[in-house]
Amino acid sequence: MSLKNILCIGGNGALGKSVIKALSPHDIVNVDFSENPNASSNLILDPSLTPQKNNLQVVKQIQKQKELFDAIIVTAGSWVGGSIEEENYLEKYDKMIAANVMPCLLAGHLACKYMNAQVGMNEQNGQKKQEKPLLVFTGAAAVFKEPQPTMLAYSLAKTAAVSYTHLTLPTIC
């Protein structure tokens, strides 16, 4: 694949660091709360802002750069346990939505506006094929295998993210 410009949302967590390191010969923009030194550039989120305001800041910064991406990869996320019986179940749910769903919404929005329509040509079995841009979301299979009453907020957030990426996003971009 001839990816040149890559956006990684959540590129300084454990998974994000590994992804950026593996793809580091390419031009990679990291979006996270802290810098990844292996990225070509970093858009640093402000922890004092709401996820909505941080997402708007990222969109504004990318608009200024006038850059199109060949791939957008979401490695952002978080985990918290807990059940519906706990008094702070809504607080945990809000935290999981912010960490697991908001990055997917940002990626979808950016994909609709700032992804290359055509990445390049690839030759397979003697035939040239036009490469398409790549949009990658990380997920959690456990939330679909069996009920997860002890990690309710996480399960709901990951289910929402998967629903968005598989059912909604393909119909709008």
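**Exercise 1.** Count the salt bridges in this predicted model, and state how exposed E86 is and how exposed K92 is.

*Solution.* 
- Step 1. Apply the cut-off: a side-chain nitrogen of Lys or Arg within 4 Å of a carboxyl oxygen of Asp or Glu.
- Step 2. The count comes to one salt bridge.
- Step 3. Its partners are E86 and K92, with N to O at 2.5 Å.
- Step 4. Check accessibility. E86 has 29% relative accessibility, so this residue is partly exposed.
- Step 5. K92 has 18%, which makes this residue buried, because buried means under 20%.

**Exercise 2.** Count the disulfides. Then classify C8 and C104 as buried or exposed.

*Solution.* 
- Step 1. The test asks for a pair of cysteine sulfur atoms within 2.5 Å.
- Step 2. The count is zero disulfides.
- Step 3. C8 has a relative accessible area of 1% and is buried.
- Step 4. C104 is also buried, at 2%.

**Exercise 3.** Describe the largest pocket: its volume, its lining and the makeup of that lining.

*Solution.* 
- Step 1. The largest pocket holds about 420 Å³ of space.
- Step 2. Its lining has 25 residues; nearest the centre lie F33, L45, A76, A99 and P103.
- Step 3. Assign the lining to elements. Two or more residues each come from α1 (14-23), β2 (27-32), α2 (51-65) and α3 (89-114).
- Step 4. α3 gives the largest share, five residues.
- Step 5. Sort by type. The lining has 15 nonpolar residues, nine polar and one charged.

Methods: Residues are numbered from 1 along each chain as its sequence is written. This is a predicted model: local features need pLDDT of at least 70, side-chain atom pairs count only at pLDDT 80 or more; totals for chains, interfaces and linings use all residues. Side-chain values use heavy atoms; hydrogens and water are left out. Buried means under 20% relative accessible area, exposed over 50%, partly exposed in between (1.4 Å probe, protein chains only). On a 1 Å grid over the protein atoms alone, a cavity is a set of points where a 1.4 Å probe fits but cannot get out, and a pocket is an open set with protein on both sides within 12 Å along at least five of seven lines; lining residues have an atom within 4 Å of a point. Grid points are joined across faces, edges and corners, and a volume is the space filled by probe spheres set on the points. Helices (H or I, at least four residues) and strands (E, at least two) are DSSP runs, numbered from the N terminus. Ala, Val, Leu, Ile, Met, Phe, Trp, Tyr, Cys and Pro count as nonpolar, Asp, Glu, Lys and Arg as charged, and the others, Gly among them, as polar.
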